[in-house]
Amino acid sequence: MAENPSATAMQQDAEQDASSATPPSAEQVTPNTSSPAIATPPMPTTTTVDLPAVNAIAPPQMPTIATPAPVAAAPVPSVVSIPQPAATVPTPVSVMQTTTAVPQTIMTNIVQQQPTTVVTNVVPHQQQSVMSTIVPQQQTVVSTIPTTILSQQPTLVQTVVSQQKIAPSVMPQQQTIVPTVVQQKTVVLSNVVQQQQHHHQPQQSTVDPKLEKIDAKTPADKNALLAVLQLLRKYNLKGTEEILKKEVNFSDLTSLDVGAMHSESEVSSVLSAYKSEGDPVAYEGAYNDLKNFVESSLDIYKHELGTILYPVFVHMYLELVFNGHERMAIKFMQKFAPEQEDYYQDDLKKLAQVTKINHLKDNELTETFNSNEFIIRMSRDTLSILKRHLKEKKKSVVPNIVQEHLYFDMYEGVARNKQQIDATAGAMVGEATRQDNKARVYYGLLKEPDLQLMQLEEEEEPDNGDDRPKKKKAKRDPIFSKKSKTDPNAPMVDRMPLPELKDFDKQEKVRALREASKRVNLGPETLPSICCYTLLNSPHSVTSAEFAEDSSMLAVGFSNSSIKVWSIVPQKLRAMKSAELLADIDKEAEDVLVRMMDEKSAETTKTLIGHHGPVYTMSFSPDRTMLLSCSEDCSIRLWSLQIWDCLVVYKGHCFPVWSVKFSPHGFYFATSSHDKTARLWCTDNPQPLRIFSGHFSDVDVVQFHPNSNYIATGSSDRTVRLWDCVTGNHVRLMTGHKAPIYTLCFSVEGRFLASAGADKNVLLWDLAHGHLLAELSGHTGPIHTLAFSRCGNILTSGSLDCTAKLWDFQRLAKEIALEDVNVTHNPDIKRGDNQGGYMLRSYATKSTPLLNLHYTRRNVLLAVGVFESNS
């Protein structure tokens, strides 16, 4: 990227800027939920282009512009002290006052707008001849920026929380402060029904071979074959149609005319495999019989057998609706829906609204169940018992549903108990298979560059016979004397092309190491000090907040499409001088980077305007010269924090973009959207490098791994996926959440991943094997932010219940290391709550739901939230 000026000095660790506590508690609001459903991609697929070579592609550079010399940070004591109250931050100025014209000469050739050819691979794991477009038509939601500025501007107030014991207060369930997204009508393409195998292994087949083989003599199979042939004819795939006719001996089916078959029905409806089974009353009897079979089984097998009740119930209901038995379907739903697990009740409420055949087409849940098998993990003994029962009930509707819509991931060993099943259940399409988590993940950190050369060492000059004193060598800094070890689990350095470090980047790493040498290692006996920034006069307009890596700036996104950036250190935000004034600067001067900045433009806050919808997430670049933002307007904007204007608008997503994140090494960034995809971009290319497709609902959050080789995504389908940026494949699929996932955070060493969301629990995953390791409960509201301390000993969670909870991750990691999680397929889940376990402390605000948490380089915890008054 461009040579960047030093934005501000280091954060003074919140010891210098502080304010009084916030007012008494208020009622909370609910999280932002997903917008309307769209067509679901059948299986994880990727769109790929070659990653750019480091030497060939350079980040966007600004012409003839350099950066100012860094300002030395004032020394801060190594022991964290409690900040004292100080004056509040001044009220931000009007938007109109901060808007300045940007000279066109500075904006030229900032970004290379060179389009890149994108090759779309939409072939799922099974071979198929029909290529269908998985991305819906582009639509844009446009909201206007208010023309009037309210007299009360959003104000940032700094609050300090001491290390005194504060009893965790149980707050009522809150609602989201993020405004609801305007629903959009989407064009849903007809789905091609595929019998997805999810990387099935032949020896793992769990259905009777007699049932697996297609018998073309039965009417049901004739209808299925004719439906496929109708689809091939619709897309004019004559060659494939002829091959299929030969393979299934189509001469036996000549009695049925393809062209006359259900011409008035949609192909997707014909292919749904839902057919009339005769008396609709039989469904209720068949389900009762299955339920009695499960309840009468031995306790050791009962819980695993019970996992088939939910998917069988859903498909029975959909068959009743498809066959036009509306009254029976409603009765079936009312009778058996309350008996299903609690974490499926939200889906069943949505499903209960589907009562007619024309409702099936545009419903996200029905499309997902129609086109994907429900994954159930089951032991060999339990599966044998189930197969014997299904053989006895050949005339029932249950064996057909099990054969067509369920896939059993069989394992050897003792059947799981109720607690183990519930820990990994809850996803929209069942649990993850073992095959999904077999790929190797290089979770280690990259070797740090040698910063010893950055030290200015003067060699001793030879004695030339004169009396000049000899210059002594500078002493080696102990910070740089330790050589970083190579992590055996780390990827190769050249596996992912990363930009080369410039001098400014190396200087920044040196400063970060010096700061880290003064930090306090946290633990149960040394908890962090907390500095909370409260946003006033904006309870319904703030949508997001983000801290810079060095804790010098805070960016806040608003529902009126604007972004405000605050300086939270004494140094103010400055803009570059005009082109005319820059021409007069001596480029050879040592302080040229300082001279480039206009002192007259110094302000505590700057406003960025350009989006046409609420701003949902922002991310600072590692060098703090740029800011990314994403919005409801389906675009991502790259802002310059030197000229305070938009540099690039990235367009690729077809629906609102929920999350954006810069790579820890810069240059790359990732986004996630309502279109059920995540994408990998680089700053100098207007098109995405990768499209990660596989989630069945909104991708709500995206997070980069510390080594920049992987990204993690959390979705409203209640799954967490890990994607390889190099190959484009998903390498981990983790299930266990019972509600949409709003936040992700990698541990410092890169092996563990923490996730949280609307189910109010924090789940901890082992990336080496994809296992769920711990479930931390205690919050009473949705969790929107997670943060690991810089030393990696404490995990912190912030929620809309106005509390921040500290968890003893160091103890948890030690206990996990003592167990061999490689052998067992069902590792025990560690649990922690308010009464004990791994929770160290709960800090409560009075009436400020927390939006973001961030640890400074010296391990001071910063928090930001929006004050909600009781009135």
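Author: A residue counts as buried under 20% relative accessible area, as exposed over 50% and as partly exposed in between, with a 1.4 Å probe and protein chains only. This is a predicted model, in which local features need pLDDT of at least 70, side-chain atom pairs count only at pLDDT 80 or more, and totals for chains, interfaces and linings use all residues. Residues are numbered from 1 along each chain as its sequence is written, and side-chain values use heavy atoms, with hydrogens and water left out.

Reader: What makes C802 buried or exposed?

Author: The relative accessible area of C802 is 1%. The limit for a buried residue is under 20%, and C802 therefore counts as buried. Its place is the loop between β30 (794–799) and β31 (803–808), where strands (E, at least two residues) and helices (H or I, at least four) are DSSP runs numbered from the N terminus.

Reader: Why is H540 called exposed?

Author: H540 has 69% relative accessibility, and the class begins over 50%; H540 therefore counts as exposed. H540 belongs to the loop between β6 (530–536) and β7 (542–547). Its C-alpha atom is 8.1 Å from that of S559, which is 19 residues away along the chain.

Reader: How do you know that C531 is in no disulfide?

Author: A disulfide is a pair of cysteine sulfur atoms within 2.5 Å. Searching the whole structure gives zero disulfides. For C531, the nearest cysteine sulfur belongs to C532 and is 7.5 Å away. C531 is buried, at 0% relative accessibility, and C682 is buried, at 1%.

Reader: Why are α9 and α12 called roughly perpendicular?

Author: Helix α9 (residues 309–322) and helix α12 (residues 364–371) pack at about 110 degrees, and their axes are 11 Å apart. Axes are lines fitted to C-alpha atoms, for helices over the stretch in contact, and angles run from 0 to 180 degrees between N-to-C directions. Angles under 35 degrees count as roughly parallel, over 145 as roughly antiparallel, 65 to 115 as roughly perpendicular and the rest as oblique. The pair α9 and α12 is therefore roughly perpendicular.

Reader: Which residues of α9 and α12 meet?

Author: Y310, V314, H315 and L318 of α9 meet T366, F369 and N370 of α12, contact meaning heavy atoms within 4.5 Å.

Reader: Which residues of helix α14 are buried, and what covers them?

Author: In α14 (residues 398–405), the buried residues are V398, P399, I401, V402 and H405. Their cover includes α7 (281–295), α9, α12, β4 (374–379), α13 (380–392) and β5 (406–411).

Reader: What is the confidence in the protein, and where is it lowest?

Author: The pLDDT is the predictor's confidence in each residue, from 0 to 100. Its mean over the protein is 74, and 65% of the residues reach 70 or more. Confidence is lowest in helix α1 (residues 95–98), at a mean of 31, and highest in strand β18 (residues 668–673), at 98. Residues 470–475 stay under 50. Where pLDDT is low, the predicted coordinates should not be read in detail.
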